[in-house]
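These are my notebook entries on a single model.

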Amino acid sequence: MATILVLAIIAVYLTWKARKYLLLLSVVAVTAGVSWFIFQNVPYLKTKFTQGAGVLQRKMMWLSAIELIKESPVIGVAPGDSEEALVVSYREKYFMEGVTSRFDAHNQYLMAGVSLGLAGLMALLFIFYFLFKEAYNQKNFILLSFLAVFALCCLTESLLQRRDGTLLFSFITSLLLFAPKGQKTNSYLEPVA
């Protein structure tokens, strides 16, 4: 969903900037049509959005995380203790699904606050700020798009709490940020004389 949203925003921006208003209208119509088609034909998504699946659970997780941040705002509860602290909070709120499933906060920003306090949250936000700024300055719209999708997904998932999310973020970001730009490197394809 975040990917569709970011791609639509980029397409709207580019068509608006090029003053191609008919194309802009087409992009908006196609995005709306494709989104509607997907929601109607993918049973998982239809159930998720019509029954509000996950909304009440996330509310409980987010409230518990905010409460933990308020209890230890400066240094947090420590990265290794954040999951257990959340489970204790869930138990106090009688959120048994969270206790048995040992849910994290399902929000990377809140998890940074729980684990490392406001200093950790500010560090995470600074990392995103720096990367967005660099992507914009380099006119690297692929990196900018990746960061936008990732930052949006961090609102509903704790992507950096697991190894695969951390590896994905660090690898893709490093690849897009530090890869040489504008140089032809296909010399290995040329025959040797």
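Entry 1: I began with Tyr94, which is exposed at a relative accessible area of 70%; here buried means under 20% relative accessible area, exposed means over 50%, and partly exposed lies in between, with a 1.4 Å probe and protein chains only. I note that this is a predicted model, in which local features need pLDDT of at least 70 and side-chain atom pairs count only at pLDDT 80 or more, while totals for chains, interfaces and linings use all residues. Residues are numbered from 1 along each chain as its sequence is written, and side-chain values use heavy atoms, with hydrogens and water left out.

Tyr94 is not a glycine, yet has a positive phi of about 60°. I placed Tyr94 in the loop between H5 and H6; helices (H or I, at least four residues) and strands (E, at least two) are DSSP runs numbered from the N terminus. I flagged this angle because most residues other than glycine have a negative phi.

I found a positive phi of about 90° at Ala78, also not a glycine. Ala78 lies in the loop between H4 and H5. With 30% relative accessibility, Ala78 counts as partly exposed.

**Entry 2: helix H5 and its surroundings.** Which residues of helix H5 are buried? For this helix, residues 82–92, I listed Ser82, Ala85, Leu86, Val87, Ser89 and Tyr90. I then asked which helices the buried residues of H5 pack against. They pack against helix H4 (55–71), helix H6 (96–101) and H7.

I also checked Ser101, which lies in helix H6 and counts as partly exposed at 40% relative accessibility.

Entry 3: Setting aside neighbours within four places in sequence, I recorded contacts (heavy atoms within 4.5 Å) from Ser64 to Leu86, Ser89, Tyr90 and Lys93.

Arg58 is likewise placed in helix H4. Arg58 is buried, with a relative accessible area of 16%. With neighbours within four places in sequence left aside, Arg58 is in contact with His106, Thr156 and Glu157.

**Entry 4: nonpolar cores.** I take a nonpolar core as a set of buried Ala, Val, Leu, Ile, Met, Phe, Trp, Tyr and Cys residues joined through side-chain atoms within 4.5 Å. The largest has 16 residues, and those with the most contacts inside it are Tyr109, Phe128, Leu143, Phe146, Leu147, Phe150 and Phe169. Helix H7 (108–137), H8 and helix H9 (163–178) each supply at least two residues of this core. H7 gives the most, with 7 residues.

I looked up Leu147 in particular: not counting residues up to four places away in sequence, Leu147 touches Leu131, Phe132, Ala135, Phe169 and Thr173. A second, separate core has 15 residues, including Met61, Ala65, Val87 and Phe103.

**Entry 5: aromatic rings.** Rings of Phe, Tyr and Trp (its six-membered ring) pair if their centres lie within 6.5 Å; planes under 30 degrees apart count as stacked, over 60 as edge-to-face and the rest as tilted. How many aromatic pairs does this rule give? I count 8. One of them joins Tyr90 and Phe95 edge-to-face, at 5.2 Å centre to centre and 85° between the planes. Both Tyr90 and Phe95 are buried.

Phe146 and Phe150 form a tilted pair, 5.8 Å centre to centre with 35° between the planes. Both lie in helix H8 (residues 141–153), 4 residues apart, about one turn of the helix. Phe146 is buried at a relative accessible area of 17%, and Phe150 is buried at 5%. Ring pairs link Tyr109, Phe128, Phe146, Phe150 and Phe169 into a cluster.
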